[in-house]
Amino acid sequence: MRNSSMVHYFLSIRGIVMAIVLMMLATVARAQDPGQTITVKAENATVKEVLSQIENQSKYSFVYKDADIDFSKRVTINKTSTVEKIVNEIFPDKDVLFENRMIILTPKKQPVQKTDGKSVITIKGVVTSSDGEPQIGAVIFVKGTNTGAATTDAAGKYTIRAAENAVLVASLLGFKDAEQKVNGRTVVDFELVTEETLLEDAVVVGYGTQSKLTLTGSVAQTSGRELVKNSSVNLSQGLAGRLSGVIVNNRSGEPGNDDAVMFIRGRSTLGDNSPLIIIDGVPGRSDEFSRLTGDEIESVNVLKDASAAIYGSRSANGVILVTTKRGKNNAPPQVTFTYDLGLQQPTRLVEMSDAILYTNAYNSELAITGAAPMYNETQLKHYETGDDQILYPNTDWFKEIIKNVSAQHKYGVSINGGSERVAYFIQFNGQYQDGIYKKSATDYNQYSIRSNIDVQVTKSLKLGVSLNARQQHKNYSAFPSDDYGIFYIATRSKPTGAAYYPNGYLRGGTNPAVLVQDLTGYDKTTINTINTNFTANWDLSSLTKGLSVNGSLAYDVVGKFRKNWQKNWQYWSYDEITELYEEKTASYWSTPVLKEYQTNQHTLTLNANLNYDRDFGGHHFTGLLGFEQSSYRLDYLKAGINSYDSDILDELFAGSANKDWYDINGYARETARRSYFGRVGYDYKSKYLFQFIGRFDGSENFPEDNRWGFFPGVSAGWRLSEEPFIKDNVRWLTNLKLRASYGEQGNDQVGVLSDGSVDAFQYMTTYEYTSGNPYQTQFGDSDASFIIPGKVPNPNVTWEVAKTWNLGLDGSINHGIIGWELEFFKTKRSNILCTRNASIPYYTGLPNNLPDENIGIVNNKGVELQLSHENKVASGEFVYHVTGNFMFAKNSITYMDETPWGDKHEYMNLTGHPMGASLYYQVKGINKTQADLENNPQMSGATLGDFIYEDLDKDGKITSYDRKRCDLTVVPQIVYGLNFDATWKNFDLSLLLQGQARARYYYAPLTDPVSGNLEKTAAENAWTLDNRGSDYPRLGSTVSNGSVNRSSFYYRNAAFLRLKNLELGYTIPQNILFTKIGVKNLRVYLAGYNLLTISGLKNVDPETSDESYQTYPQMRIFNAGVKLTF
Amino acid sequence: MASCTNDFLDKTPLDKLSEDAVFGSAALAQSYVNALYTVIPDPFQEGNIGAISDEGYFRYGGTSTRYIASGYMTPDNVMYMSEGGSAHNSRTTILNIWNRAYEWIYRMNYFLNNLDRYGGSIDEKDKDRLKGEVYFLRAWTYTNLIERYAGVPIVTKAYSLNDDYNAARANFDDCVDFILQDLEQAETLTPDKSSCVKGRINKDIVMALRSRLTLIAASPLFNDPTRPEGGIFRGTYSADKWTRAFNASKAIVDRADVEGAYALDNTYDGYWKNTDSKEIIWGKFFTNTQGNKAQLFYSVVYFNGWTAFEPTQAMALDYEMKNGKKIFEEGSGFSIKHPYAGRDPRFYKSVASPFSVYANTDNTGYHETVLDLSLYYEGKTKADFAYGKKEPDYTSKSKHLWHATNNMGLELNKWYIPTSPITESETGSKVYPWFRLAEMYLNYAEAAYNVGKEDLCREYLNKVRSRSDVMMPEVTESGESLWDRVVNERRVELAFEAFRYFDVRRWKTAPFYENVPFAGMRTMILQSTSATDTVYRVVRPYDETKNSTCYYWPTSDASKAYKEANGEDVTTLFTYKWLGKEYQVDYGDCCLNMCPTQKHFPKVGDEYPNYLMPIPANEITKSKGTIVQNPGY
């Protein structure tokens, strides 16, 4: 019943809509592309010879009935053009249909004879597809008008009134528009040809591409065309909601440090969960990704299942493949200018108390323990009336340090095109992002240039050079924003202090207004990156048909230079008695301090692979055999002088000559990898699909015996829609594919260090010098050096192994009224590298120095669904498509090192729960009366107004054993996105909704008036003697303190739905002026980022993961841009 | 295939050293041992251990230091005092050392067990010296452990990944014996003072630790005649333990008095200002670039310090007048008009009181300022402060700089060096004395008293009192009164040096001292139109209390008034025994009505759990019960 009603529903949609096509997320490069350029040279050749030339170059195979083709015909042609044009030229009498990797030739229907006539007549006809199937919902209209359109019925029939010399257009989504002149006929039938859709598009997989139709793995895609809509200067933030199965969270908005956190299908390991990012085939460019611009990106493909196994030991967390744009042959030069002006502001800032609330709440808090008030009546009155701004200011610190809006600019020029042999894409790009602070010392600048050039050297040899150079400037004040930095202090600064005196003089103390400026010095980093790629593609068809060799050499150089200058600054001090201001000097260090850091990284990646791709009468074989190795070296140098006589010159030579003040350090790191990999594919008539992947990987991260690993992946697919029982019976089901995969992948990220590098030598005992140990001591009269041992060695350390299963069912209805991809996935990660510090007692001396051991097991499973829908309305002038994606992924720890909580405390176990599930005291209520205090078990030190915690182990005391394991974390279990794109006339609209669910954020509100300001809601609602009914805890540093005793009270739902992106564009119609100055296209647009958020969390942005309000907030951006093409 | 790829994949660390290198080179092995010296952090923590005893007050709320002081220490919250949680957690590292100590013991054991496997190029003499240092450091670490936890697991092996972890706590006496064995090894292997650079372990330092260790082991907490049976939590009672302590102390005292190797510094502040002071037996010598933070933590906010530690009135009370009498004794000459005048000279070197001269150095040079911690009341007289009245408004001279940043009315002077700047990057080269001669004298005096040698006890108390810039009158008492003098002399001489917390525990007197009302004293300047009057009032330290309904000090009148009004006794009258007489010290009724005592030494059943530190809860859990908890927790 359910199924038939679904069918009915779809049919009724057919009746309403005019045309529908399945639309996938993005357009990507096509392997078999009717638009691809080929060169055919034939002198009086046979048709077969010409066809073979076309087949070789285009990778298409021709399909025809022998009877339809005249093989005696001789052809002379010498032309470089698109496949489509050439085939049409050779077979002017044939209908040419491109489908999958086939070109289908059928005899053309004879056009109907023309007759004259100008009066309006009634025309009838039938609309069918090329296979003769009547099409419902096709729209028939008179070309050039919007009115009087007709729609075909279930039998494909239509009736329309039109002038007898009119031109009729038949339009149906999934098919190319067809035109016919009426010429007085009363019967005009249309036969529609299937439109190329993304179904036939190629998908970038490891070391090659594959047709979406015959793909057996799980790959999510998006394109540069989509990503340019992201207003943020950080590209990684643009992925949120656009990629099915990818969790993207923006945890901090600080310019230069705002990379999103990405997890593919959630988390599966207790160790490093970050996916491998490969840019233009080169791994090790992970840091580059977020700094690319949408304009230079062709596509982003995410390998989510066994298809990632081709990347072996680094593939377990999934692989993100980024492809940059390249030029097209035989295309005239096209120059594009873009400019975007963005205005940023924080999405949300935690609301803090003002001076009136703060002082009153402080007094009320003191009253609970019988203490005298902190502020007397007179003082309270001063705060209320605000009559004395010198002594009794009332400060909103965020207003004091944050601008209403801050600017960002993005601008770029690109030139692309190509001649017969050379194709080029060249782009220059610049970005500027201001910090949100007033008198901000924070900003981010980036300049990059990319040049991708391909040269067809000979008929069979193609060389490519890709160069990308980028300079990044990250500028900050000497004081950090995060990590006990500006936001930590701004949220804690009391409202009873102030940044400036009423006369504008700067005040002293730890003044946030100082910290955001460059008064304290600066912390600047310049990053210079050069990525180079040299590629060669040698077609060896001359040896064996379908054979080719690819090779590449990539050399990347990254240089980072950081300079940190901390100096003294001037402030004013007011004397209440004399009522005079005195200028003073403040400093964190007694004299200026300069530190410089230089990091140089070199990566050389070599790759060679042999490709084979051939079809033997429907038996299609592909093969890949590859070799890859990479070597990496990092050199680090630090030089600093901790004493300067003056702050006039911030250079090392100007520092103290006393060597005691020197602060120098340096080291190097090297890594090496070597891999052999291969892929074998077979399909029969694109119907039955098989693929095997294998990679043999060696990494220096492990001891010699455990160094090499083998990582296989297998997958299979069955295109049910190609089977007669569907093709002939369920005709509306235009695509249905069942696919499954299984792979074993690795993760070699052992002991990831804070700088992202890997602690590679855990199998041996190592020692290092320590500096900066505050407990250091002197022997004799000189400083001594200190060596401490590193981790306890683990001689058995080796890979993590992920066993990944994937089952998918893809389909589309009527060429895309509705399209879907439904996937079920499961990963069992074992040999997970983790330490045993939860169970090994401290008296062994080991827990702080344990190495990673291959002991953890985690299961992760879930489901993904992508749906798409496309429609054309009103004679094709209004076109829209909608895509939605949804993922649910939940992991569960099968085994990990765990504290032996004991029999009575199973509710504390982590095993069986998701990673990161924490322990929380369960709040039952508030101790509102003395009786509550006496009748409930209490934590040591509890008073009135403190939480009543549940005594889970019923021992009559509240101890750490009364904490319960709670499953949800800041990493959501559900993510979803909904993308809506529409064009109407010259307007275009794009809207992206993104959200997450089953996520929780733990926060520790600021409730201690002694240490600083109070969070507004906590202060307003706090339990006091005058507010005994309150269900909020008392203020003060008590057992209800959220940062010390983590409880369910502060464990809040972080689900949200967010209008991530909204863009409205207008393409200015072609006009005389444009033609005169050569403008091809001019589009202006308005966009917004994070415009609207619906979430139960009101105090902070729901993507925040920081528990103590100390990260730079997420940004909302209003953007205006222009794109001009010549 | 593997063979042809190995060269490419074989990498060596370029940011670390190998074990062969470290254990095969005298210089690198020395550097390894250097690191072991950092095992016990210096007590210059932001939350000074003195703030947990009755010496002082830690002004920052929400911290473990406050928790411990309030008697709320549990096996749970002692964990977040050193792990995870907020930035304040390192503030009591000196107290909760379980994890840290064993981490370093592992490194010591690894060294002792593996040095001989390598060390080809290290000659035997150097090896012996290095081993001697490590034996001492291990003894030092275990002494610090048993002082806090009583019997602990004796670990001499370096555990590895696949061992069974089933150690149990050893008996207290066995721990002491084990430490004494290590000390014997250390004494044999380490050089004499004369052939040893400053800061490195020599035989004298070994003797000094033996003096301290045996004194601890002889003290009532661990050697209790009322609970003579021994075990994990205390030793078996034996009067001989005092003899052992006496002999151990005599050995190091003789090094000074007989051999002249050490002498009391001429000035009381010499041992923290002068790194070459003859009084120092062993110290932590702060480096030029890694200095101590005492200067920053404890100096006044006005000069960019944090005033993290403020001496209490209870502490000030125990400084005698220059004539040797306590302030409440008849004939002491004490005047409330000048409450800090005419005291033991050590008071001024240890404590900064209102209107004393406070000096500092910044980048513009050396400055002297009068330390003004007063509240200013314009147009008010004493009558405005009469009992039961609400406190009048005050006007302060520089509200945000002076009094608002001090609670108790006193500041710490000890450890402070006016000629060094007060900054985050404290770099003035200074010393923290781990062992100094005055302690050895006092250890000796205490042991002498307990073995019945009262003459010797008095002699050594008086030696300490007759330092040339102290010159306090001689102690002449005997019997219990002499014991009072021993106790007070340690309190005053060793003030703010992390002794008091442990002393009142090993003497089992903590319930008395740490349940006293916890008070400070604030100066109030009343400015009538005609004259300026100064009033002192006792305040509780709980908050910045400028508005507490507090009264003049001493407040016996107010106490009487309170009793009349309420029919209850003023429990802030603190009965204080001094030299055989009882005195009542009144801490002011503010403490009575307004707040619970801040210091609290709780009793659970028959036990005072806070005599010993709790073992961290998760250590008990991880050990699956082989490690037992201390009593009362």
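Me: How many bridges join strand β6 of chain A to β9(A)?

Reply: Keep in mind that this is a predicted model. Strand β6 covers residues 120-129 of chain A, and β6 and β9(A) run antiparallel. Along this pairing, A:I121 stands opposite A:A162 in β9(A). The number of bridges joining the two strands is seven.

Me: Is the aromatic pair of A:Y574 and A:Y581 stacked, edge-to-face or tilted?

Reply: The ring centres of A:Y574 and A:Y581 are 5.0 Å apart, with 50° between the planes. Stacked needs planes under 30 degrees apart and edge-to-face needs over 60. With its 50°, the pair is tilted.

Me: Is A:Y574 buried or exposed?

Reply: A residue counts as buried when its relative accessible area is under 20%. A:Y574 has 15%, so A:Y574 is buried.

Me: Why does the pair of A:Y682 and A:F690 count as stacked?

Reply: Both residues are partly exposed, A:Y682 at 24% and A:F690 at 47%. Their ring centres lie 6.4 Å apart. The pair is stacked because stacking takes planes under 30 degrees apart, and theirs are at 15°.

Me: Where does the charged end of A:R267 sit?

Reply: A:R267 has its charged end 5.9 Å from the centre of a ring. That charged end sits over the ring of A:F263.

Terms used: Residues are numbered from 1 along each chain as its sequence is written. Chains are lettered from A and ligands numbered from 1 in the order in which they are written. This is a predicted model: local features need pLDDT of at least 70, side-chain atom pairs count only at pLDDT 80 or more; totals for chains, interfaces and linings use all residues. Side-chain values use heavy atoms; hydrogens and water are left out. Two strands pair if DSSP finds at least two bridges between them. Helices (H or I, at least four residues) and strands (E, at least two) are DSSP runs, numbered from the N terminus. Rings of Phe, Tyr and Trp (its six-membered ring) pair if their centres lie within 6.5 Å; planes under 30 degrees apart count as stacked, over 60 as edge-to-face and the rest as tilted. Buried means under 20% relative accessible area, exposed over 50%, partly exposed in between (1.4 Å probe, protein chains only). A charge sits over a ring if NZ of Lys or CZ of Arg is within 6 Å of the ring centre and within 35 degrees of the ring normal.
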